[in-house]
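Visitor: I'm new to this structure and would like to learn how to read it. Could you take me through it step by step?

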Amino acid sequence: MQGTVDDFSYGAVTPLVAFLMACLGGALGLRCTTRSLLVSQSRRPAWLALGSAAIGSGIWTMHFVAMMGFTVAETPVHFDKPLTYASLAIAIIMVGVGIFIVGYRGATGTALFTGGTITGLGIASMHYLGMAGIRLDGRLEYNTVAVAVSVVIAVVAATTALWAAGQVRGFLWSVGASLVMGLAVTGMHYTGMAALTVHVHGSATAVGGSPPAALLAPMLIGPLTFLLLAGVVVMVDPLMIAGRPARPPQERKPGVPAGAFVPHPRRHPVVPAGPPRIRQGAGQGHHSSRTPQNR
């Protein structure tokens, strides 16, 4: 028997909150990626890691906030905790691989395509691994075409967002990119949900796992708290708002003033001054060095 699936059991509340979570994680993650391009090589991994965790936590929180509105009329819905948290890990790891590629290779050409593809596949993997953690009295089936469309949306959204982060054009530019990414990631989620069909068994067998409400507390206390802390780190850094690198300090060495003018070396060496020499003109005879005697 085919189950009656409802993705909006709380109305527009869950899609709206899910969209805001995706935008928050995207804004922080993309801004950290932009910041990594403005610092030295030694500090770059920390910013890229923070950006990866922010985007991964944001899309994971978005997914499970949206799943709070998911119900099947004929059977209760539960979630498997290990798979649920494994989806968070896979999101952070795969998004991190894509972000590190762009952070070190630049947001152009092959690096952008590779990083965007891996990041998009990480978003899609998080979604479908999280869906694999659903426990109900039935089985889940997916429409292959709709699943492929959802993966393409995730890859295009991730590539576009990473390209925008690599432009380093200021805070508003990254905000616009995060809004696009949030809309695309949320659209990818509901496209994947539209591909889902639930076939209910109709038996009285109890289902394992935890109900959605039991996941609400750790979902909000964990990743959401991390997003707030990451937001504090972003906002206290002035370069995150300016969106441009600080003026590089001039090199200072002992005994050499900063910015000193260094003249170009002369082409011909300078001969040190010696005792004056008497030039012998044309037609002049030889002069003796002896003093003439008095006659």
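Guide: Happy to. Helices and strands here are DSSP runs, numbered from the N terminus. Keep in mind as we go that this is a predicted model.

Visitor: How many helices and strands does the protein have?

Guide: There are eight helices and six strands.

Visitor: What is the mean pLDDT of the protein?

Guide: First, the general idea: where pLDDT is low, the predicted coordinates should not be read in detail. Here the mean pLDDT is 78, and 71% of the residues reach 70 or more. Residues 241-262 stay under 50, and for them the model has 17 contacts beyond four places in sequence. Another stretch with pLDDT below 50 is 281-295, which has two contacts in the model beyond near neighbours in sequence.

Visitor: Let me zoom in on Ile134. What does Ile134 touch?

Guide: Leaving out residues up to four places away in sequence, Ile134 touches Met67, Phe70, Val77, His78, Phe79 and Leu140.

Visitor: What about contacts across the protein: how many of them join residues at least 24 apart?

Guide: Take the contacts between residues at least 6 apart in sequence: 86% of them join residues at least 24 apart.

Visitor: Now the rings. How many aromatic pairs are there?

Guide: The structure holds six aromatic pairs. In one of them, the rings of Trp60 and Phe64 have centres 5.1 Å apart and planes at 55°, so the pair counts as tilted.

Visitor: Why are Trp60 and Phe64 about one helical turn apart?

Guide: Because they sit four residues apart in helix α2. Trp60 is buried, at 2% relative accessibility, and Phe64 is buried too, at 3%.

Visitor: Why is the pair of Phe64 and Phe79 called edge-to-face?

Guide: Look at the angle: planes over 60 degrees apart count as edge-to-face. The planes of Phe64 and Phe79 are at 75°, with ring centres 5.9 Å apart, so this pair is edge-to-face. The pair links distant parts of the chain, since Phe64 is in helix α2 and Phe79 is in strand β3 (residues 78-79), 15 residues apart. Phe79 is buried, with a relative accessible area of 2%. Trp60, Phe64, Phe79 and Tyr85 form one aromatic cluster.

Visitor: One last thing: how many disulfides are there?

Guide: The general idea is that a disulfide is a covalent bond between the sulfur atoms of two cysteines. The count in this model comes to zero.

Notes
Residues are numbered from 1 along each chain as its sequence is written. This is a predicted model: local features need pLDDT of at least 70, side-chain atom pairs count only at pLDDT 80 or more; totals for chains, interfaces and linings use all residues. Side-chain values use heavy atoms; hydrogens and water are left out. Contact means heavy atoms within 4.5 Å. pLDDT is the predictor's confidence in each residue, from 0 to 100. A disulfide is a pair of cysteine sulfur atoms within 2.5 Å. Helices (H or I, at least four residues) and strands (E, at least two) are DSSP runs, numbered from the N terminus. Rings of Phe, Tyr and Trp (its six-membered ring) pair if their centres lie within 6.5 Å; planes under 30 degrees apart count as stacked, over 60 as edge-to-face and the rest as tilted. Buried means under 20% relative accessible area, exposed over 50%, partly exposed in between (1.4 Å probe, protein chains only).
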